[in-house]
Amino acid sequence: MAHDRVKDEIVERVYRRVLSGMGLIVLHSGHASKIFQKLCGTDSGCLKWREDGEKEILWAVDPGHPIVAGLEEKIIIPQEEMYGEHFNIPQPDEQVFISWFEGGEVFRSGCCWHRGKGKVFYFRPGHEAFPVYYQPEIQKVIINAVKWAAPTDAPEVVYGNTAPVVPFVSHMEGKTIQGLHEKK
């Protein structure tokens, strides 16, 4: 409800932290948040929705993914808000869950992306009018996602003008790049 009140400088700080290795879990209507839209590079608030309390079947479409560990192939949610495609997000790096709703709609409900050194997981279930977060399977998904998205000890990446990794003989014979540019 208050996505528009989040200050841009806070969004920028979170964005930089994700790029530097912090994981981010985006739940339910967080798809419309400024940080998720910035990380996606799209207006991820574009989707279909209906608050009818329909049954949802949440299918694990990547059963080997760590976020699915310890779960069955499907999670049945007795009552939930429907989200339907088209969902305006970039192609996920990993698609973990797809939802089917009683009204016939489907939705990409569990999507993973890598952004810089960070990991982002979007998980759709969780409307405030329905007790979805009390379901043990949903709690297990969130726990697994936190473990998956946790920062790792990745080596530091160096950008910019760097020295050669292996010494070599330069064919520039005392010439500089600046000198070559000036001859043009």
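Student: Which residues does Ile 75 touch, not counting residues up to four places away in sequence?

Tutor: A contact here means heavy atoms within 4.5 Å. By that criterion Ile 75 touches Glu 56, Ile 57, Leu 58, Gln 135, Glu 137, Ile 138 and Val 141, with residues up to four places away in sequence left out of the list. Please keep in mind that this is a predicted model, in which local features need pLDDT of at least 70 and side-chain atom pairs count only at pLDDT 80 or more, while totals for chains, interfaces and linings use all residues. Residues are numbered from 1 along each chain as its sequence is written, and side-chain values use heavy atoms, with hydrogens and water left out.

Student: Where is Ile 75 placed, and is Ile 75 buried or exposed?

Tutor: Elements are DSSP runs numbered from the N terminus, helices being H or I over at least four residues and strands being E over at least two. Ile 75 sits in strand β3. For burial, the cut-offs are under 20% relative accessible area for buried, over 50% for exposed, and partly exposed in between, using a 1.4 Å probe and protein chains only. Ile 75 has a relative accessible area of 2% and is therefore buried. The C-alpha atoms of Ile 75 and Phe 97 are separated by 9.8 Å, the two residues being 22 apart along the chain.

Student: What does Gln 135 contact, leaving aside its neighbours within four places in sequence?

Tutor: Gln 135 is in contact with Ile 75, Ile 76, Ile 77 and Pro 78, once those neighbours are set aside. Gln 135 belongs to the loop between β6 and α3, and with 13% relative accessibility Gln 135 counts as buried.

Student: How many salt bridges are there?

Tutor: A salt bridge is a side-chain nitrogen of Lys or Arg within 4 Å of a carboxyl oxygen of Asp or Glu. By this rule the count comes to nine. One of them joins the side chains of Arg 50 and Glu 105, at 2.7 Å from N to O. Because Arg 50 lies in strand β2 (residues 48-60) and Glu 105 in the loop between β4 (94-101) and β5 (106-115), this pair ties together parts that are 55 residues apart in sequence. Arg 50 is partly exposed at 24% relative accessibility, and Glu 105 is likewise partly exposed, at 22%. Salt bridges that share partners join Arg 50, Asp 52, Glu 54 and Glu 105 into one network.

Student: Which residue forms a salt bridge with Glu 56?

Tutor: The partner is Arg 124, with the closest N and O atoms 2.2 Å apart. This pair links distant parts of the chain, since Arg 124 is in the loop between β6 (118-123) and α3 (136-149) and Glu 56 is in strand β2, 68 residues apart. Arg 124 counts as buried at 0% relative accessibility, and Glu 56 is buried with a relative accessible area of 0%.

Student: Which residue forms a salt bridge with Glu 85?

Tutor: Arg 108 does, the closest N and O atoms being 2.9 Å apart. Arg 108 lies in strand β5 and Glu 85 in the loop between β3 (74-84) and β4, so parts that are 23 residues apart in sequence are tied together. Arg 108 is buried, with a relative accessible area of 17%, whereas Glu 85 is partly exposed at 22%.
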